[in-house]
Amino acid sequence: MEKNSSNMIPLAENSPNKQETVCIFGTGDFGRSLGYKMLQCGYSIVFGSRNAQTSSLIPKGAEVLSHGEAAHKADIIIVAIQRQHYNFLTELSDVLHGKVLVDVSNNLKINQYPESNAEYLAQLVPGAKVVKAFNTVSAWALQSGTLDASRQVFICGNDNKAKQMVMDIVRTLGLTPLDQGSLVAAKEIENYPLQLFPMWKFPIYLAIGLSVFFFFYCLIREVIYPYVYENKDVSFFIAITIPNRVCPIVALILLALVYLPGIIAAILQLHRGTKYSRFPDWLDKWMLCRKQLGLVALVFAFLHVLYTLVIPIRYYVRWRINVYVISQVKDNRTDPFYNTNGWISDSYVALGILGFFLFILLGITSLPSVSNSVNWREFRFVQSKLGYLTLILCTAHTLVYGGKRFLSPSMYKWYLPAAYMLSLIVPCFVLAIKFVLIFPCIDRPLTQIRQGWERNSKGSEQSHYNDSKSAV
Amino acid sequence: MEKNSSNMIPLAENSPNKQETVCIFGTGDFGRSLGYKMLQCGYSIVFGSRNAQTSSLIPKGAEVLSHGEAAHKADIIIVAIQRQHYNFLTELSDVLHGKVLVDVSNNLKINQYPESNAEYLAQLVPGAKVVKAFNTVSAWALQSGTLDASRQVFICGNDNKAKQMVMDIVRTLGLTPLDQGSLVAAKEIENYPLQLFPMWKFPIYLAIGLSVFFFFYCLIREVIYPYVYENKDVSFFIAITIPNRVCPIVALILLALVYLPGIIAAILQLHRGTKYSRFPDWLDKWMLCRKQLGLVALVFAFLHVLYTLVIPIRYYVRWRINVYVISQVKDNRTDPFYNTNGWISDSYVALGILGFFLFILLGITSLPSVSNSVNWREFRFVQSKLGYLTLILCTAHTLVYGGKRFLSPSMYKWYLPAAYMLSLIVPCFVLAIKFVLIFPCIDRPLTQIRQGWERNSKGSEQSHYNDSKSAV
Amino acid sequence: MEKNSSNMIPLAENSPNKQETVCIFGTGDFGRSLGYKMLQCGYSIVFGSRNAQTSSLIPKGAEVLSHGEAAHKADIIIVAIQRQHYNFLTELSDVLHGKVLVDVSNNLKINQYPESNAEYLAQLVPGAKVVKAFNTVSAWALQSGTLDASRQVFICGNDNKAKQMVMDIVRTLGLTPLDQGSLVAAKEIENYPLQLFPMWKFPIYLAIGLSVFFFFYCLIREVIYPYVYENKDVSFFIAITIPNRVCPIVALILLALVYLPGIIAAILQLHRGTKYSRFPDWLDKWMLCRKQLGLVALVFAFLHVLYTLVIPIRYYVRWRINVYVISQVKDNRTDPFYNTNGWISDSYVALGILGFFLFILLGITSLPSVSNSVNWREFRFVQSKLGYLTLILCTAHTLVYGGKRFLSPSMYKWYLPAAYMLSLIVPCFVLAIKFVLIFPCIDRPLTQIRQGWERNSKGSEQSHYNDSKSAV
Ligand SMILES: Cc1cc2nc3c(=O)[nH]c(=O)nc-3n(C[C@H](O)[C@H](O)[C@H](O)COP(=O)(O)OP(=O)(O)OC[C@H]3O[C@@H](n4cnc5c(N)ncnc54)[C@H](O)[C@@H]3O)c2cc1C
Ligand SMILES: Cc1cc2nc3c(=O)[nH]c(=O)nc-3n(C[C@H](O)[C@H](O)[C@H](O)COP(=O)(O)OP(=O)(O)OC[C@H]3O[C@@H](n4cnc5c(N)ncnc54)[C@H](O)[C@@H]3O)c2cc1C
Ligand SMILES: Cc1cc2nc3c(=O)[nH]c(=O)nc-3n(C[C@H](O)[C@H](O)[C@H](O)COP(=O)(O)OP(=O)(O)OC[C@H]3O[C@@H](n4cnc5c(N)ncnc54)[C@H](O)[C@@H]3O)c2cc1C
């Protein structure tokens with residue numbers, strides 16, 4: 001559906017049946033845009049304004065009256081005014097009594113005021129039914145029709161009927177209303193459009209931190225060390241060689257960190273014998289950002305794949321191969337083929353390919369429209385079972401890559417082990433504990449606990465009702 | 001929108017207006033989770049329980065009463081009890097008369113009982129209006145707010161008003177209700193969360209079967225044969241070389257099998273002169289899993305691309321090139337460049353790239369959110385027209401790859417033709433028949449038949465009304 | 001959710017409560033399919049037909065009556081007849097008075113008739129409440145259950161209640177109703193299913209035009225020139241070498257053209273001092289197809305990546321490297337390693353990889369389900385900030401690729417500069433102007449203008465109300 005232009009939907013000018021009238025306080029940018037859109041969708045619009053004269057900016061077909069007169073004409077009043085100017089509404093409290101007041105305002109900063117704008121409005125006009133809505137919608141998007149970002153309109157309010165009326169308008173405008181409960185939720189809703197990927201912050205900062213650390217680690221081992229000891233300038237390694245060391249390492253560690261909290265949670269639940277005690281806060285937060293952590297890991301894995309695939313077209317690599325062949329010719333020898341090397345080289349690449357493929361699969365299932373079309377069991381199967389398989393393949397990929405080099409002392413420059421060895425610590429730990437957790441003698445009580453059973457519960461209630469949803 | 005934590009939506013504690021009261025029978029895991037969520041969304045909750053005492057597990061703000069008292073207080077009663085314990089409900093049939101009973105239960109196995117739990121409930125309490133709902137939602141997901149998997153709540157029931165009431169609750173909880181018709185649909189709905197990718201089973205098994213067959217076929221030709229005749233150990237081919245033979249073959253065959261049923265259907269429809277006779281069952285099933293078949297083919301094509309791109313970084317390949325160059329130097333010759341080989345090599349790669357790109361495009365358009373935003377004509381254009389183009393390009397890619405080798409007898413080891421030759425049979429067959437079917441003299445009657453025209457129809461009705469939807 | 005087969009949802013045969021009755025005029029393909037589906041979902045169906053006899057094609061459970069009798073039985077009448085046969089409805093205007101008439105018809109061509117079919121119907125039967133709906137749904141898809149394409153049902157009509165009734169039916173059938181306003185919108189809705197990617201036309205034609213131009217440009221420089229002057233036949237360059245020149249060039253130019261209109265708009269807005277004058281039509285259209293333009297650019301970038309990654313497996317490339325090594329051996333020299341070349345080669349590849357990664361990220365955020373789950377600020381951040389970063393990286397990639405070659409006269413064959421130089425013009429221009437526009441002294445007035453402020457506005461209204469949505 002590509003009907004972006006706002007001109008496409010014709011105005012219902014002489015529509016036969018009486019239309020619902022909506023009043024908008026404020027003729028600023030947002031008020032006008034919303035009014036324009038609502039006119040298009042067949043509403044009658046009356047603007048409430050301090051100087052009741054139609055300006056050229058007011059959408060055609062809308063009336064402009066004084067605030068009081070305008071409010072009289074409609075049951076729903078949309079307050080498209082900044083919070084600082086709300087106080088004049090107290091004078092209108094008689095007219096506004098029993099009416100639905102829709103607060104659309106946003107602030108400049110998160111938690112700018114002690115109470116949300118909508119709650120403040122409700123205090124000012126106690127007789128009105130205040131509903132928070134539309135604050136996540138952009139005036140420009142409404143006007144230009146390019147509503148590519150969120151069409152979700154979060155709604156809250158204490159009066160269910162009033163909410164229902166606002167939700168009907170939202171639906172008619174082609175947007176998706178989402179009921180968020182009572183007016184207490186307004187604070188949350190007002191903060192929402194000011195947020196910039198809040199759930200992504202921790203994963204991204206973590207990834208940057210790890211990247212920086214491993215970048216300098218590799219820089220020391222692979223650029224500074226040869227410079228100091230062999231006086232070799234390989235500073236151009238900074239462009240590809242070192243990023244291609246850092247990316248797989250960060251990807252693997254992040255991937256392991258996706259599955260670590262589930263293990264900690266399991267141990268905690270086993271230890272406590274119940275799932276009803278709250279997890280510590282850090283664990284809760286960690287568990288909630290696993291999706292983002294996993295997707296950041298996927299980004300690094302993707303970059304690793306690209307960096308690896310361009311290896312043969314790099315000037316440096318071609319030159320090295322070149323020198324290698326010529327040196328053989330000069331020495332009049334042909335290096336023999338070692339079967340073991342063939343096996344190692346091919347199998348670590350193959351493991352990497354399969355791991356990357358499953359990684360991508362996890363990424364695709366986390367697209368909202370895909371995850372929404374699978375059932376819970378299928379989602380768990382992909383995310384948990386295939387997710388662990390991904391971790392196993394990627395860890396094996398790194399292990400086989402290490403191959404025989406693990407013990408070679410030449411790998412330890414300035415006593416620093418190769419970076420990939422460090423990257424194996426967390427994944428191996430996660431896999432080892434998980435291996436223990438899937439033993440039946442541990443898995444069975446855990447499953448029971450997760451189905452609501454409690455070790456120290458006395459009530460017979462539990463055992464009688466149990467969980468009616470037996471399948472996980 | 002990333003508001004996953006359940007703590008974020010505040011409870012409406014002293015909400016001014018009277019809220020709808022919902023009763024939940026059963027204080028097990030699911031009952032409590034649902035109650036907790038509904039409290040958050042502004043409902044009054046009363047639990048019905050055998051021993052009416054609030055335990056610490058009951059969400060704050062909810063009442064716990066005896067079953068009878070609790071049922072009295074609400075019009076909707078959610079039965080969050082296992083089916084085995086339903087029989088006590090018969091005693092309450094007076095209180096439950098006329099009420100809406102929501103069955104949320106699941107079973108452990110598909111088709112565990114002769115009739116669905118919801119129908120069984122309806123038999124036990126004939127006076128109540130039974131609605132099936134919520135069984136696809138996970139208790140844990142409800143509680144933790146991580147509703148990444150399906151937000152779809154399938155609903156069925158014989159009373160439309162009752163269904164409507166339940167659907168309102170579902171929407172308020174931020175989930176998507178899907179009306180599935182009368183209570184007969186409950187069986188289907190109860191089986192749903194127990195399924196694990198049912199439509200994917202056939203395509204995946206088929207792909208595995210084909211892969212195994214071609215794996216051993218290639219193993220014989222490329223590993224065992226040289227071992228037997230030349231005593232050459234190339235067992236490491238198992239890691240990459242042979243998978244990279246198998247993947248493109250399976251991808252191509254599966255892709256052809258996506259378009260084969262459409263051709264069989266067309267021939268059947270032409271033969272029968274009507275589209276209203278049912279297809280044989282196997283054809284019906286095949287046609288319904290074409291999407292999955294196509295996506296599995298895409299997976300194999302994707303793996304083939306990765307396996308191919310890593311070729312130049314394989315130790316074995318580098319060694320072979322190395323040896324080749326040195327041998328030229330030793331023989332003091334420089335192998336000349338053959339223009340034909342340049343053409344063949346470049347054009348089969350180019351065909352492969354274009355085919356793969358279209359393949360990906362097909363994959364992207366089959367993402368639910370994308371396919372939902374194109375109209376029917378556009379979807380058919382991509383899936384049918386571009387799909388055939390993909391098949392043509394991929395077949396041509398394989399044909400050109402074969403190049404001059406087709407007739408070379410050295411290709412037949414133990415009288416076995418190269419595996420890629422076998423892979424060409426189905427696609428060439430499909431393309432040949434499709435070529436015949438698009439001749440106007442065959443296409444015209446087919447189009448008519450698909451628009452509802454019948455060769456042996458007597459009624460004038462047909463010709464008069466025709467299909468009011470003339471555009472396909 | 002994969003319940004595609006229509007057999008899966010059982011018919012509610014002896015459903016206890018009275019069901020809503022819907023009448024369908026016309027027993028053609030679409031009427032029957034719709035009737036079948038509605039029966040499944042629990043409606044009572046009565047067909048209105050010229051000869052009121054049940055044929056074998058009529059879905060079981062439906063009645064067939066004369067038009068008048070059928071219309072009597074229902075409040076909603078679905079008119080599944082072709083427009084040419086509408087006139088008989090005038091005779092029934094008494095029976096149809098006050099009823100809801102649903103027009104489902106489509107035409108064969110865009111704008112085939114002066115007025116839409118639905119408006120024509122409304123003129124014929126003035127007493128009825130005409131609603132346009134269902135015309136975007138395919139009869140075959142309804143019947144076979146394979147509703148992969150759009151489930152969106154566009155609805156318009158002058159009577160809100162009538163629309164609501166139709167929307168209820170749509171929802172019950174598992175489809176998504178979208179209210180498009182009054183009956184004037186019917187024309188648009190009727191054209192919709194006849195469209196084939198209308199927003200994509202301009203970007204695709206532009207991309208094809210650019211591709212053809214640069215293809216021949218490169219052909220002259222790289223195939224014809226060596227043929228004429230050196231008598232070298234490199235015609236096989238047509239398969240990969242030249243496409244791999246064309247793809248990155250077109251990708252870069254298209255990417256720059258995505259960000260050019262925003263700059264022109266900004267300059268216009270600054271010049272005019274208001275955002276409320278309409279942009280010229282071409283600019284409006286250009287701005288609305290930026291998404292498509294960007295995605296086409298992504299396609300070309302993707303092809304460029306694939307074409308580049310296959311370089312080392314091309315026969316021609318291998319042969320050239322081969323010859324190069326042998327020539328060194330013959331001359332008894334080993335070409336030294338140039339650090340600068342190492343830097344240039346690695347850094348242009350690294351820039352390309354990062355640019356491509358961001359490109360992909362832009363593509364992923366433009367998937368409907370993803371863009372719908374981010375808020376406006378986040379969407380702008382990705383599309384505008386990261387978008388410009390992509391443009392910078394891709395431009396830098398091309399500049400560094402050029403490296404020292406820019407001034408080398410050997411690059412000018414027949415006075416033609418290398419194609420990549422031409423591709424740099426638009427992106428460098430866009431980046432230069434953007435660089436000027438982000439200076440605070442220019443950015444501040446622009447931001448004010450975009451928030452609704454007007455340079456020549458007299459009203460105090462503006463400054464008072466301002467925009468209540470302060471955050472962009
Ligand atoms: C590329 C990529 C994409 C990803 N996308 C997503 C995504 O879209 N969504 C997402 O959520 N994750 C995503 N992840 C993260 C990760 O895959 C999942 O979080 C995964 O489910 C974790 O598996 P686990 O076995 O550790 O889960 P666990 O949390 O250990 O859960 C295991 C099982 O126990 C149950 N369980 C856990 N805790 C409880 C409890 N307290 N009470 C009752 N039952 C409980 C669960 O129902 C589950 O069945 C992604 C990861 C990657 C790498
Ligand atoms: C990567 C990939 C992804 C895919 N994703 C999808 C997907 O998301 N959804 C999907 O459905 N398929 C998908 N497919 C499968 C495939 O592309 C489609 O099924 C494709 O439409 C088949 O084309 P066809 O021409 O053989 O169709 P046919 O079934 O032959 O249909 C051709 C035309 O005839 C019409 N028609 C067919 N049968 C009838 C009939 N009985 N009565 C009236 N009209 C009829 C149809 O409307 C259609 O216009 C995918 C394939 C691949 C490779
Ligand atoms: C791969 C790819 C995918 C893409 N996908 C999408 C997509 O899904 N959706 C999409 O829209 N674009 C898409 N694009 C195109 C492009 O990224 C966006 O259009 C991008 O937003 C343009 O950035 P800009 O800074 O030039 O925007 P501008 O139009 O210059 O906007 C900059 C800011 O000014 C504001 N603004 C602009 N004009 C006005 C005005 N008249 N009044 C008030 N405020 C105004 C906007 O709110 C915005 O915040 C895609 C591009 C690529 C390469």
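## Aromatic rings at work in a predicted model

UniProt, in an unreviewed entry, lists residues 249-394 of chain A as "domain: Ferric oxidoreductase". The model is predicted: local features need pLDDT of at least 70, and side-chain atom pairs count only at pLDDT 80 or more. Residues are numbered from 1 along each chain, and chains are lettered from A.

That 249-394 span is 81% helix and 0% strand, and its end C-alpha atoms lie 10 Å apart. Helices here are DSSP runs of H or I with at least four residues, while strands are E runs of at least two.

Now to the rings. Rings of Phe, Tyr and Trp (its six-membered ring) pair if their centres lie within 6.5 Å; planes under 30 degrees apart are stacked, over 60 edge-to-face, and the rest tilted. That gives 72 aromatic pairs over all chains. Here are two of them:

| Pair | Type | Centre to centre | Angle between planes |
|---|---|---|---|
| Y86(A) and Y120(A) | stacked | 6.0 Å | 15 degrees |
| F237(A) and Y316(A) | edge-to-face | 5.4 Å | 70 degrees |

F237(A) sits in the loop between helix 8 and helix 9 (241-272) of chain A and Y316(A) in helix 12 (residues 315-330), so this pair ties together parts 79 residues apart in sequence.

How values were computed: Side-chain values use heavy atoms; hydrogens and water are left out. UniProt positions are given in the numbering used here, feature names are shortened, and annotations may be inferred rather than shown by experiment.
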